[in-house]
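Good morning, everyone, and thank you for making time for this short talk.

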Amino acid sequence: MLRSLSVSQLRKFALCERAWFFAKVLRLPERPLKARDLGTAVHAQLEHYLRTGQDVLGPLAAAGKHLLPAPGPDLLVEEHFGRPSPLFADGIPLTGYIDLVNPRRRAEGVLRVTDHKTTKSIASYAATPEQLASAAHDAGIQMVGYGYWAVLDAERFPGLKRLELEHLYFQTHGAKLSRSVVATVSVEHVRDEWHTHVEPMARRMRDVARATSPSQVKPTWSACQKYGGCSFQAHCLNSQSQGSKPMALMDRILKPQTPSTQPTVAVPVTASAPLVPAQAAPELELAAVLPPDAPKSNPALASAPAPEQPAQRSATSPAPQAADEGGDGGRPRHRAHAARRGQPVPLRGLRAQLPRRAAGRVRRPHGGED
C-alpha cells in the first residue's frame with residue numbers, strides 16, 4: 001500500500017517501473033555513485049550560500065553564482081512541502097523538498113521555482129523549456145509537481161498567474177559552466193498537466209506496488225545506463241530469467257515430438273504383413289548429428305542408390321582432371337556441384353559438401369574449443 005509519494009519517485013517510475021519497484025517496494029539499497037556524492041556537495045554549498053550569504057561555493061558552484069538570486073531571508077531554500085502536504089496524486093500525498101522558491105516577483109503574480117542540477121555535460125543532458133513544461137517528460141514531472149504545489153498553497157502564494165520552472169545546471173566535467181533553463185507556464189497549464197499525466201501514473205503505481213515479483217513489472221531497457229547506470233541491473237536480469245529456461249540444443253534433440261492431433265485410423269494387421277519399425281525422417285536424423293550450419297538435407301536422397309564404383313585405374317592410366325580445384329587442395333568437388341544443380345547426391349557424400357570447419361569438430365560460440 002502506498003502511503004506517500006515524492007516527485008523524485010514519480011520521475012523514477014516514469015523512467016523505469018521495475019527500478020522503482022526494486023527501490024521503493026522491495027527497498028533494495030542503491031549503490032553509491034561519485035556523481036551523486038558530488039551533486040550532494042554542490043547542493044549543500046548552494047543552500048548555505050543562499051541562506052547565510054557566506055561564500056562557501058566551490059569551483060563548480062561558483063561558475064553559476066551570477067545566475068543565483070542575492071541571498072536573503074525572503075528566499076525559501078530547501079522548502080518542505082509541509083505537513084500535511086497540499087499536493088496529492090490519486091489520493092496519495094506527496095512529500096519532498098524544493099531547492100529554491102523565489103517569491104520576489106509575487107506582486108506581479110509570478111513565482112520562480114528552481115531545482116539545482118549537476119551534470120557531466122550541459123550540452124548533452126540539459127532539458128529544454130518544452131520538456132520542463134510537460135509532465136509527459138521525466139524532467140517535467142518534477143517541475144510541474146513543484147509548480148502545482150505552489151498553486152495549491154494559495155494562502156502563501158495568493159494571486160499567482162504564472163510560474164517560472166527553472167533548472168539551474170552546473171557542469172562537472174571539462175570547463176566550469178552553468179546554464180539556466182526556464183519554462184514560463186500558466187497556473188492552468190500545470191493543473192492540466194498534473195491531472196492528465198501524473199494522476200494516471202499514480203494509479204499505475206498502486207498496481208505495481210501490489211506485484212509479488214519483479215518479473216511481473218515492466219522494465220525499460222533503454223534506461224539502464226542513464227544517470228550513471230541503474231543500481232539494480234543484476235537483480236533485473238536475474239528476475240528476467242525466472243520462469244521456463246531457454247531450451248538447449250540437447251534438450252531439443254531429446255525432447256519427444258508432439259503427437260499429431262489428427263485422428264488415427266486403425267489398420268488390421270495380417271499374418272503375412274510383418275511389422276516394420278517406423279523410420280524417422282532423414283532430416284530429423286541429420287539434425288542430431290550435423291552442426292547448425294550444415295546444408296539442408298534432401299529427403300529424396302535417403303532412398304537414392306549408391307553409384308557404382310568405377311573400375312580401379314591402372315598405374316599407367318592418366319589421372320582424371322578435377323571438376324574444380326580451389327581452397328581445399330585440389331580435392332574433387334563433383335558432389336558439391338551436383339548438389340547445386342539439384343542432382344541426387346548419396347548420403348555418404350554429404351560430409352564432402354559441408355564447410356571445412358563444420359566437417360571437423362563443432363566449436364562453441366565465444367567459448368573456445370571443446
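This is a predicted model: local features need pLDDT of at least 70, side-chain atom pairs count only at pLDDT 80 or more; totals for chains, interfaces and linings use all residues.

Let me begin with the six aromatic pairs that this structure holds, where rings of Phe, Tyr and Trp (its six-membered ring) pair if their centres lie within 6.5 Å, and where planes under 30 degrees apart count as stacked, over 60 as edge-to-face and the rest as tilted. One of them joins Phe13 and Trp20, whose ring centres are 5.3 Å apart with the planes at 85°, so this pair is edge-to-face. Residues are numbered from 1 along each chain as its sequence is written, and side-chain values use heavy atoms, with hydrogens and water left out.

Are Phe13 and Trp20 buried or exposed? Phe13 is buried, with a relative accessible area of 4%, and Trp20 is buried as well, at 0%, where buried means under 20% relative accessible area, exposed over 50%, and partly exposed in between, with a 1.4 Å probe and protein chains only.

The rings of Phe81 and Trp149 have their centres 5.7 Å apart and their planes at 15°, so they form a stacked pair. This pair links distant parts of the chain, since Phe81 lies in the loop between β1 and β2 and Trp149 in helix α7, 68 residues apart. Helices (H or I, at least four residues) and strands (E, at least two) are DSSP runs, numbered from the N terminus. Phe81 is buried at 3% relative accessibility, and Trp149 is buried at 0%. Ring pairs also link Phe81 and Trp149 with Tyr146 and Phe157 into a cluster.

In the loop between β1 (76-80) and β2 (88-89) we also find Gly82, which is partly exposed at a relative accessible area of 23%. Its C-alpha atom is separated by 9.8 Å from that of Asp153, 71 residues apart along the chain.

Returning to Phe13, we find it among the buried residues of helix α1 (residues 7-15), which also include Val7 and Leu10. The buried residues of α1 pack against α2 (17-25), β5 (110-119), α7 (138-152) and α8 (187-209).

Finally, for the whole protein, there are 14 helices and seven strands, and of its 370 residues, 37% count as buried.

Note on methods:
Contact means heavy atoms within 4.5 Å.
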